[in-house]
Amino acid sequence: MAHILIAEDEQVISKLMMQNLHLVGHTVDQAWDGVTALQMAEENDYDVIILDVMLPQLSGFEILKRLTKDTPVIYVTAKTSLDSKLEGLDLGAEDYITKPFEMLELLARVRVVLRRTQKEATGFSFAGTEVDLLNRLVQQAGQEVSLTPKEFELLEVLVSNRNIALSRERLLEMVWGYDFLGDTRTVDVHIQRLRKKLGWEEYIQTVYKMGYRLQTKGNE
Amino acid sequence: MNRLKNLRFWQKLYLAVLAVFLLFLTIAVVAMSAIGYQQNLNSEIEKAKADQQRISLTLSQAFTEDDTDNKRLEVAAKSLNNGARGAFIELREGDTEIYSGLPKYAGDRPELSVKEGTLNQTIRTIDGVEYLYLTSALEDNSAFVLTYAYSLEGIDESWQSLIISYVVISFGLISLLAIVLYFLLKRFSKPLERVAQSARTFADGDRSSRITHHSHDEVGDIAESFNYLADTVEETIEELERSSHQKQELVDNLSHEIRTPITAIQGYAEYLQQVDLTSEQTHEVTSVIVDESARLKNIAENMLKLASFQEGNLVKSPFSSRELIESTLKSFYPRAVKESVDFHVKGLHDVTLSADRQLVEMLLSNIIDNAMKACGDQGLIEVSAYVDQGNYHIRVTDNGTGMTREQLKNIGEPFYRTDTARSRQEGGAGLGVALCKRIVEAHGGKLYYESERGKGTSVVIILQLGNNFVQVRQ
């Protein structure tokens, strides 16, 4: 899993991002001002830096200008103007998220960056189950579990957003896409099959009035 | 006509001057040649008269009584006739012609009936040539009539050649004028072109465009006026840019201040919804949501207050300044005890304020609140009120952290905080001082800050005595 630096002076926001990144298995360092952030970025090898633009002492743009390493950077900012967005991307930032944003969105953007830099986890192992994300294979006790492509995609989404409940609508959108015409019962049917095939009735939890969550915390 | 309209100013001037010059020159030439002709003619006439008199005299002497058939007179007249010089004579006795060298003429000759002692003068055109006819009776012998005809062909010719030379000279002068005038006007219009060029450059966005070299004439005046205009416009534009930049900054700050709590609230609400939390974690998350909501509320309220002052809606009522200061301080006493801060109240000069009491109370509370935040342990806050140089002062001095020069400069800007992290933790939005400033300004006063890092800060509310808001208590 990835090692991430969060440079954000708003403590609540920083903590919020950290907690969410922890849930899906990343490790996180925090910096509260620009100078420290730059120093930490130079001294450690981070897979991604999440950088606030309006940082005390040294702005996020300035940090990227001075950074000698080519660590991928995702800007997080309250500035919505196109100019500021372009400035950030011109400096070579990977992505640009404006506040307020959904944590799922942040996780998705981090995943995209990791995939591009090939730092994304290629496998996932939990409760005696080995998921090979690269070859799209699932094994339990040396035995291959055969999943349909949609079932595998659903598993992949649950794994990369583990410990976070995803609504049925969200799952539909993430696995089947926006233009899928079926209703949310499709999700229920596939979840049932996945639970049965993997024996994960306990781990893939139904969250009341919300959706489903792959709970790994407390189940290791 | 349209082509005339498209001419440059100097070109119009050029054509106008040339036209006027041509007109006047023509009038001068015509007048001069007319006068010249007349003078020439007069002198010819005088000459002819003298000649005629001479001939008349000669013929009178040639007359003898014995010359009955007038043969001698005829011979004399014939000898006096000088066709080559254009002078012809005719001598008659009554209706009988003695001799005639005149050009052939078939018309009436009314001039022949001439009285003794007078001279008839006629101009007659024969075969396209003008002749001057001078007719008189011979002296001492009035039966004889002498007609002297003088051809004016000569003066016509010299007059014509005079006109030709006039025209040639005029043409030469006009050409010369045309050339000289062209260069002169072009040169004179250069500065104007420069003014136009500078104005165009300015309009195209080069706001440093000015006219550097200019004369002290009207064009120079225009250049100076242009420079003045450009200066003024430049200043105005810069002012506008500054204010628009400030506005943009305010919007950026506001957006940052609002988006941050919203992000936190949204994020933690989702977290609560999506993640399996222990009751301890749940409490932590909900606390953040409550705190951030309060912060958002705080910002919204302060922004609304700020906005409402700009419309200037104050609810004025008269009240005692001393009573207000004392009651405000009283509300801080419990906190002061808890944070071990001492209040020193020295000589509160009392005036009647005719102001918005709620706002002034908020102003004072804000200032004292900031003073208490700045104080550490063994904090000391001095409050005094006095009259100085016609102004009523309320001074609040703390012995807290103080501010740097940079911080002092920015204090009062909306969303500016001297201590970012701490202020946010305490729920501050960076609007307090901005709000205080607005309140004081709305009452026609000034808010004044003195501060030194490490030594503390003094805040002085300065209100002018005797304006609409402050009266001296009798």
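Which residues does B:L102 touch, not counting residues up to four places away in sequence? B:L102 touches B:F88, B:E90, B:T147 and B:A149, where two residues are in contact if their C-beta atoms, placed from the backbone, lie within 7 Å. The structure is a predicted model, in which local features need pLDDT of at least 70 and side-chain atom pairs count only at pLDDT 80 or more, while totals for chains, interfaces and linings use all residues. Residues are numbered from 1 along each chain as its sequence is written, and chains are lettered from A and ligands numbered from 1 in the order in which they are written.

**The two chains**

- Chain A has 8 helices and 12 strands, and chain B has 11 helices and 13 strands; helices (H or I, at least four residues) and strands (E, at least two) are DSSP runs, numbered from the N terminus.
- Of the 220 residues of chain A, 34% count as buried, and buried residues make up 23% of the 474 residues in chain B; a residue is buried if 20 or more other C-beta atoms lie within 10 Å of its own, exposed if 12 or fewer, and partly exposed in between, with C-beta atoms placed from the backbone.
- Among contacts in chain A between residues at least 6 apart in sequence, 53% join residues at least 24 apart, and in chain B residues 24 or more positions apart account for 62% of the contacts with a separation of 6 or more.

**Where the chains meet**

- The contact between the chains takes 22 residues from chain A and 21 residues from chain B.
- On the side of chain A that touches chain B, the largest share, 5 residues, comes from helix α1 (residues 11–23) of chain A.
- That side of chain A divides into 13 nonpolar, 4 polar and 5 charged residues, where Ala, Val, Leu, Ile, Met, Phe, Trp, Tyr, Cys and Pro count as nonpolar, Asp, Glu, Lys and Arg as charged, and the others, Gly among them, as polar.

**Sheets and hairpin of chain A**

- An open sheet of 5 strands in chain A has the order β2-β1-β3-β4-β5 with parallel pairing, two strands being paired if DSSP finds at least two bridges between them.
- The edge strands of this sheet are β2 (27–31) and β5 (95–98) of chain A, each of which pairs on one side only, and the twist averages 20 degrees from one strand to the next.
- Within the sheet, strand β1 (residues 3–7) of chain A and strand β3 (residues 48–52) of chain A pair in the parallel sense over 4 bridges, and the bridge partner of A:I4 in β3(A) is A:V48.
- Helix α1(A) lies across β1, β2 and β3 of chain A and runs at about 170 degrees to β2(A); axes are lines fitted to C-alpha atoms, for helices over the stretch in contact, and angles run from 0 to 180 degrees between N-to-C directions.
- Strand β12 (residues 211–214) of chain A pairs in the antiparallel sense with strand β10 (residues 166–167) of chain A over 2 bridges, and also in the antiparallel sense with strand β11 (residues 204–207) of chain A over 4 bridges.
- In β12(A), A:Y212 is the bridge partner of A:L166, and A:L214 is the bridge partner of A:I204.
- The hairpin of β11(A) and β12(A) has 3 residues between the strands, and A:K209 in this hairpin takes a positive phi near 60 degrees.

**Sheet of chain B**

- An open sheet of 5 strands in chain B has the order β7-β9-β10-β12-β11 with mixed pairing, and its edge strands, β7 (341–348) and β11 (446–452) of chain B, each pair on one side only.
- Neighbouring strands of this sheet are turned by 15 degrees against each other on average, direction ignored.
- Strand β10 (residues 391–398) of chain B and strand β12 (residues 456–464) of chain B pair in the antiparallel sense over 7 bridges, with B:N391 opposite B:Q464 in β12(B).
- Helix α8 (residues 357–374) of chain B packs on the sheet, touching β7, β9 (379–388), β10 and β12 of chain B, and its direction makes about 25 degrees with that of β10(B).

- Helix α2 (residues 9–62) of chain B and helix α4 (residues 153–203) of chain B pack at an angle of about 160 degrees, with their axes 9 Å apart.
- That angle makes α2(B) roughly antiparallel to α4(B), since angles under 35 degrees count as roughly parallel, over 145 as roughly antiparallel, 65 to 115 as roughly perpendicular and the rest as oblique.
- The residues of the contact of α2(B) with α4(B) divide into 27 nonpolar, 5 polar and 2 charged.
- B:L102 is found in the loop between β2 (96–100) and β3 (120–126) of chain B, and B:L102 is buried, with 20 other C-beta atoms within 10 Å.
- B:L102 and B:N81 are 21 residues apart in sequence and 8.9 Å apart in space, C-alpha to C-alpha.
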